[in-house]
Amino acid sequence: MKIGELAKVANTPVETIRYYEREQLLPEPARTEGNYRIYDDEHAQRLGFIRRCRSLDMTLEEIRSLLRFRDAPDEDCGRVNQLLDDHIGHVAARISELKLLEKQLKALRQQCCGPESAQNCGILQELDTASTAAEPFGQHAGHVHGSLHNTPAAKRSG
């Protein structure tokens, strides 16, 4: 199948498929005499695997590791378990960060109880005074949240 067909089958934008190829998550497809990429069922299955990993918020490096094990089915899967345990830890840390963010936002929301002029808005005033002391939110130790989401193709496809 051509890239457009693969995109339809996998419900994935063409740009994302090309990005995964550049990142060497998908193997280079064969090409026709007219230089069109030709994909097979294994490409579609592998793309589905990658997309499922992305839906679980795994980084490209985590996906690469899992693909190495997928490509070597006789290997011991202990490191796969460890990778998933580590990822669960990253998710738990992110949940804690999000709960803190929610708490901070709720406290900020309490600074303004009704319609006021922007000049007297407690939320804006709090943001102004807190901006010099603010700590960056969402610093992920050892895990780059949404690393793929920072690419142009992934912004369109997730």
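The following legends accompany close-up views of a predicted model.

**View 1. Overall course of the chain and confidence of the prediction.** The secondary structure of this predicted chain comes to seven helices and two strands, and from the N terminus on the elements follow the order α-α-β-β-α-α-α-α-α. Of the 158 residues in the chain, 30% are buried. The mean pLDDT of the chain is 85, with 82% of the residues reaching 70 or more.

**View 2. The largest nonpolar core and the surroundings of Leu25.** The largest nonpolar core of the model has 20 residues, and those with the most contacts inside it are Ile17, Tyr20, Leu25, Leu47, Ile50 and Ile63. At least two residues of this core come from each of helix H1 (3–10), helix H2 (14–22), helix H3 (41–55) and helix H4 (60–70). In soluble globular proteins, nonpolar side chains tend to be buried together. When neighbours within four places in sequence are left aside, Leu25 is in contact with Tyr20, Ile50, Leu60, Ile63 and Leu67, and also with Arg46 and Arg64.

**View 3. Helix H2 and the tyrosine pair.** The buried residues in H2 include Thr16, Ile17, Tyr19, Tyr20 and Glu21. The structure holds one aromatic pair; it is formed by Tyr19 and Tyr20, whose ring centres are 6.1 Å apart and whose planes stand at 55 degrees, so the pair is classed as tilted. Tyr19 has a relative accessible area of 10% and is therefore buried, and Tyr20, with a relative accessible area of 0%, is likewise buried. Just after H2, Gln24 takes a positive phi of about 60 degrees.

View 4. The structure holds eight salt bridges, and one of them joins Glu21 to Arg37, with the closest N and O atoms 3.1 Å apart. Because Glu21 lies in helix H2 and Arg37 in strand E2 (residues 37–38), this pair ties together parts that are 16 residues apart in sequence. Glu21 and Arg37 are both buried. Side chains of opposite charge can pair when their charged atoms come close.

View 5. Salt bridges link Glu23, Glu61, Arg64 and Arg68 in a network. Within this group, the side chains of Glu61 and Arg64 meet at an N to O distance of 3.4 Å, and those of Glu61 and Arg68 meet at 3.8 Å. Glu61 and Arg64 are three residues apart in helix H4, which means that about one helical turn separates them. An α-helix has 3.6 residues a turn, so residues three or four places apart point the same way. Glu61 counts as partly exposed because its relative accessibility is 45%, and Arg68, at 49% relative accessibility, is also partly exposed.

**View 6. The buried residues of helix H4 and their packing partners.** In H4, the buried residues are Leu60, Glu62, Ile63, Ser65, Leu66, Leu67 and Phe69. These buried residues of H4 pack against H2, H3 and helix H5 (78–109). Leu60, Ile63 and Leu67 are among the residues in contact with Leu25, and Ile63 is also one of the residues with the most contacts inside the largest nonpolar core.

View 7. A search of the whole structure finds zero disulfides. Cys121, for which the nearest cysteine sulfur is that of Cys112, is accordingly in no disulfide. Cys112 is buried, with a relative accessible area of 11%, and Cys121 counts as buried at 14% relative accessibility.

View 8. Over residues 146–158, pLDDT stays under 50. The model has 27 contacts beyond four places in sequence for this segment. Where pLDDT is low, the predicted coordinates should not be read in detail.

Conventions
Residues are numbered from 1 along each chain as its sequence is written. This is a predicted model: local features need pLDDT of at least 70, side-chain atom pairs count only at pLDDT 80 or more; totals for chains, interfaces and linings use all residues. Side-chain values use heavy atoms; hydrogens and water are left out. A nonpolar core is a set of buried Ala, Val, Leu, Ile, Met, Phe, Trp, Tyr and Cys residues joined through side-chain atoms within 4.5 Å. Buried means under 20% relative accessible area, exposed over 50%, partly exposed in between (1.4 Å probe, protein chains only). Helices (H or I, at least four residues) and strands (E, at least two) are DSSP runs, numbered from the N terminus. Contact means heavy atoms within 4.5 Å. A disulfide is a pair of cysteine sulfur atoms within 2.5 Å. A salt bridge is a side-chain nitrogen of Lys or Arg within 4 Å of a carboxyl oxygen of Asp or Glu. pLDDT is the predictor's confidence in each residue, from 0 to 100. Rings of Phe, Tyr and Trp (its six-membered ring) pair if their centres lie within 6.5 Å; planes under 30 degrees apart count as stacked, over 60 as edge-to-face and the rest as tilted.
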